[in-house]
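Please look over the sequence and the structure shown below before reading on. The briefing that follows takes up a few topics in turn, beginning with a term that the reader will need.

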Amino acid sequence: MKLILVAGALALFFSLFGTPVLIKALARRGYGQIIRDDGPTTHHTKRGTPTMGGIIIIFSALISYLLAHLVLGSTISVSAVLILGLVVALGLVGFLDDYMKVSRQNSAGISGKTKIFGQVFFASIFGYLGTHFPDKDGLTPISLNLSTLRDTSISLGPILVVVWIAFMVTATSNGVNLTDGLDGLASGASVMTFLAFILIGVWEFGQSCAVAVTANCYNVRDPLDLAVLAAAFAGACTGFLWWNASPAKIFMGDTGSLALGGALAGMAASLRVELLLIPLGGIFVIITLSVALQVIYFKATGGKRLFKMAPLQHHFELLGWGEVTIVLRFWIIAGLSVALGLGLFYTQWVAG
């Protein structure tokens, strides 16, 4: 438990006090947000706000996780290392996209196909490596079976597992990316989901089959250390949110959103709660679905729109809702979704 507190506190400190340093560095280089002309007109005032803030989130989480283990003399886990590798890799994909936008001074960035390829490529490597490195009990970071609220007996096999993990990571990272459209929305929602993963990791550790073999015990390789990693990300996102809240002094950019999506998907897979990610990340799912529905409806009706604009948060902006109002109400939805996910997780344990 000390590791969780130390990692979270260190990440909060590094992010809270490191973000203004990054803001100044980015501003000096002119790395400001490029605003699309076809977006809400209220966003035009945000043009030039420093972006690529995901750098400090990744740095804070990574350094605090490692320092916490160094200070308390604990061993880092393979599961956490693989997730951190995925986070850094996706962060680099996002950074390339952000850098091309600011260097070219347009909102194009890298092509959509290139971005998807990068996400799928690194997610596939994560999925492949995750099925290796068994511990003394034969547990690997990622199971070969499908997991819902816990690991199931549905075997996917090595190839389908990699495909499934690649889909999970790509969908989640794009979901967080689509949510990152209003000040503080994605970072605040991410904090709630990471906090849920702390609780899940601690609970799975306490009910681990390695501790006591019971009917409801969990076979998860490194649940407690994954809780430590979740605490590091929760602290990093909280510190960043201080500066990202409206009016934002910095945006996380694709650097942050792709990385955070990778972290969330990686933890869900490693904690054996893959499908539980749907309610835990409910706001990301809802916003992603709004984009999919908009596209489907547009094509099916020959150009009509289901929403005034997608993603969903921009629809409410065009209805006249204030940005802070939208963010707060979406945070409420995110909180209720997390509560639902935790309720399902606990109910399954009681009923099982």
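A residue is called buried when its relative accessible area is under 20%, exposed when that area is over 50%, and partly exposed in between. With that term in hand, the buried residues of helix H12 can be listed as Glu 323, Ile 326, Val 327, Phe 330, Ala 334, Ser 337, Val 338, Gly 341 and Phe 345. The model described here is a predicted one.

**Helix H12 and its cover**

- Helix H12 runs over residues 323–351 and has 29 residues, reaching 42 Å from its first C-alpha to its last, which is close to the 42 Å expected at 1.5 Å a residue.
- The buried residues of H12 are covered by parts of the structure that include helix H6 (185–206), helix H9 (277–280), H10 and helix H11 (312–318).
- As a general point, an α-helix has 3.6 residues a turn, so residues three or four places apart point the same way.

**The nonpolar core**

- The largest nonpolar core has 87 residues, and Phe 194, Phe 197 and Phe 233 are those with the most contacts inside it.
- Helix H7 (residues 223–244) gives the most to this core, with 12 residues.
- When residues up to four places away in sequence are not counted, Phe 233 touches Ala 61, Leu 84, Val 87, Phe 194, Leu 260, Ala 263 and Met 267.

**A network of salt bridges**

- A search of the whole structure finds 6 salt bridges, and one of them joins Asp 97 to Lys 101, with the closest N and O atoms 3.2 Å apart.
- Asp 97 and Lys 101 both lie in helix H3 (residues 78–104), 4 residues apart, which is about one turn of the helix.
- Asp 97 also forms a salt bridge with Lys 115, where the closest N and O atoms are 3.3 Å apart; because Asp 97 lies in helix H3 and Lys 115 in helix H4 (residues 112–130), this pair ties together parts that are 18 residues apart in sequence.
- The side chains of Lys 115 and Asp 254 meet in a salt bridge at 2.7 Å, N to O, and since Asp 254 lies in helix H8 (residues 253–270) while Lys 115 lies in helix H4, the pair ties together parts that are 139 residues apart in sequence.
- Lys 115 and Asp 254 are both buried, and salt bridges that share partners join Asp 97, Lys 101, Lys 115 and Asp 254 into one network.

**A nonpolar patch on the surface**

- Leu 289, Leu 293, Tyr 297 and Leu 306 form a nonpolar patch on the surface, and together they have about 340 Å² of accessible area.
- Leu 289 has its place in helix H10 (residues 282–300), and Leu 289 counts as partly exposed because its relative accessibility is 47%.

Conventions: Residues numbered from 1 in each chain as written. Predicted model: local features only at pLDDT ≥ 70, side-chain atom pairs only at ≥ 80, totals over all residues. Heavy atoms only, no water. Patch = residues over 30% accessible without salt bridge, like charges linked within 9 Å, V, L, I, M, F, W, Y side chains within 5 Å. Areas by Shrake-Rupley, 256 points an atom, 1.4 Å probe, with all protein chains shown as cover. Salt bridge = Lys/Arg side-chain N within 4 Å of Asp/Glu carboxyl O. Helix = DSSP H or I, 4+ residues; strand = E, 2+ residues; numbered from the N terminus. Buried < 20%, exposed > 50% of the residue type's maximum accessible area, 1.4 Å probe, protein only. Core = buried A, V, L, I, M, F, W, Y, C linked by side-chain atoms within 4.5 Å. Contact = heavy atoms within 4.5 Å. Expected span 1.5 Å × (residues − 1).
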